[in-house]
Amino acid sequence: MKLDVDVLRYLSKDDFRVLTAVEMGMRNHEIVPSDLIGRIASLKHGGTYKVLKNLLKHKLVHHDSSKYDGFRLTYLGYDFLAIKTMVNRGVFTAVGRQIGVGKESDIFEVSNEDGTVMAMKLHRLGRTSFRAVKSKRDYLRHRSSFNWLYLSRLAALKEFAFMKALEEHGFPVPNAVDCNRHCVVMSLIQGYPLVQVKQLLNPETVFETIIGLVVRLAEHGLIHCDFNEFNIMIDDDEKVTMIDFPQMVSVSHRNAQMYFDRDIECIFKFFGKRFNLSFEECSDDIDDDESSRPSFSSITKTAGFLDKELAASGFTRKDEDDIQKFIEGDVEEDDVSDDEHDSELCQTNIKGFDSLHLDQEESTSRCNEEGQVVEILQSPEVGQSGDPESQNLSSNEGDENDDTELVKSLAKQRRRAMAAARKGHHKNSTSRNSYKDKGGKSSNNSKIQKQLASW
């Protein structure tokens, strides 16, 4: 969407008030209801509908009535809110031409009252090309809904924090001026992207300088993750400047070595193709191995801990967790401990049912219907006729029949329990609730155990 700042001249305070109301409503709504916008804006005489109609004409908001009547902010409306805030702060007073465009951001020229020209970067996560990359890399594995505006704000805040910290430690980066929402204002680099440069006076010196920056970043605890010819600026004096920092990670990241090797490979590959460099001749001072390439394992964090210090520069730990969860899609549930707990519960249930299995030959006592204990002797003298013991035994034949039926029912329940225990490994919800007494099979089994204990 093209940024037409001329519309800003014709927007009133009520227009920005309604835009701010839509932004506030999007904190917990994907589509903000119209009545909620009216309550937040609190315009007199019910003028919210008229203002929304004007904003919709300039494509600052989007109307959606699929489920209910509501509106949401567009990137153009989010741009106007950020630009209006910057103008009110006095950061710049004019917006010029567009000087850069990418899959994640747009860059414009801006100037302040003194005529100093700066660069304004507007992050625009969610474009078609960027969505395709995310779907192919399975970034949104566990997510079905998300807000691109919020993620663009996090990316801008992270880039501003990295830029300020790297500038303080002497890295060749643009001067960070201010940040608001998804907008970052920085100094304008008088140079060209390295990808547009066809020849250099001293390509070996430039190559060593760039490789030295990658190693120096790693010594400070950071990895650029996108260090290539598109994110390196070079001026007429062949001075190198780094740009684009939202994707930077710590050397403690689990994929840090892969990112480091990829950055090194991009530089080696570009200079080998564009300037036909012989790396063995120009990179002897970088490393002593045969390939003359820096090794991630040989780098030590001796210069500082920027990866930990950046939390104090405005990008908090919560913001870092939010954007890393989205970008990497590394939200994984810890099912290992749950499976171990479930298997222990299943084994406990199986052992409990094994204890319920009765052997008629080894049982030595039974309880009749009146609750009296009658000993069953296993000697052949018990069955003699005329003895009172034989009469008691004959009177208890019905009880023994009941006992055999009880054993059969218990054996049947034991088989069912073992089958349920096997299924419990695949159904975590069932195994997690197996220890709870909810009046189901577990409660019946506990009653049977108590009854057998009384026997």
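A residue is called buried when its relative accessible area is under 20%, exposed when that area is over 50%, and partly exposed in between, using a 1.4 Å probe and protein chains only. By that rule arginine 97, at 55% relative accessibility, counts as exposed. This is a predicted model, in which local features need pLDDT of at least 70 and side-chain atom pairs count only at pLDDT 80 or more, while totals for chains, interfaces and linings use all residues. Residues are numbered from 1 along each chain as its sequence is written, and side-chain values use heavy atoms, with hydrogens and water left out.

**Helix α1**

- Helix α1 covers residues 13-25 and reaches 18 Å from its first C-alpha to its last, close to the 18 Å expected, where the expected span is 1.5 Å times one less than the number of residues; helices are DSSP runs of H or I with at least four residues, strands are runs of E with at least two, and both are numbered from the N terminus.
- Among the buried residues of α1 are Phe16, Val18, Leu19 and Glu23, and what covers the buried residues of this helix includes α2 (34-41), α3 (48-57) and α4 (75-89).

**Salt bridges**

- A salt bridge is a side-chain nitrogen of Lys or Arg within 4 Å of a carboxyl oxygen of Asp or Glu, and by this rule the count comes to nine.
- Glutamate 23 forms a salt bridge with arginine 181, with the closest N and O atoms 2.9 Å apart; the pair links distant parts of the chain, since glutamate 23 is in helix α1 and arginine 181 is in the loop between β7 (176-180) and β8, 158 residues apart.
- Arginine 89 and aspartate 178 meet through their side chains in a salt bridge at 3.0 Å, N to O, and this pair joins helix α4 to strand β7 across 89 residues.
- Of these two partners, arginine 89 is partly exposed at 46%, whereas aspartate 178 counts as buried at 16%.
- Glutamate 109 and arginine 97 also meet in a salt bridge, at 3.4 Å from N to O; glutamate 109 lies in strand β5 and arginine 97 in strand β4, so the pair ties together parts that are 12 residues apart in sequence.
- Asp79, Asp106 and Arg124 are linked in a network of salt bridges.

Conventions:
Contact = heavy atoms within 4.5 Å.
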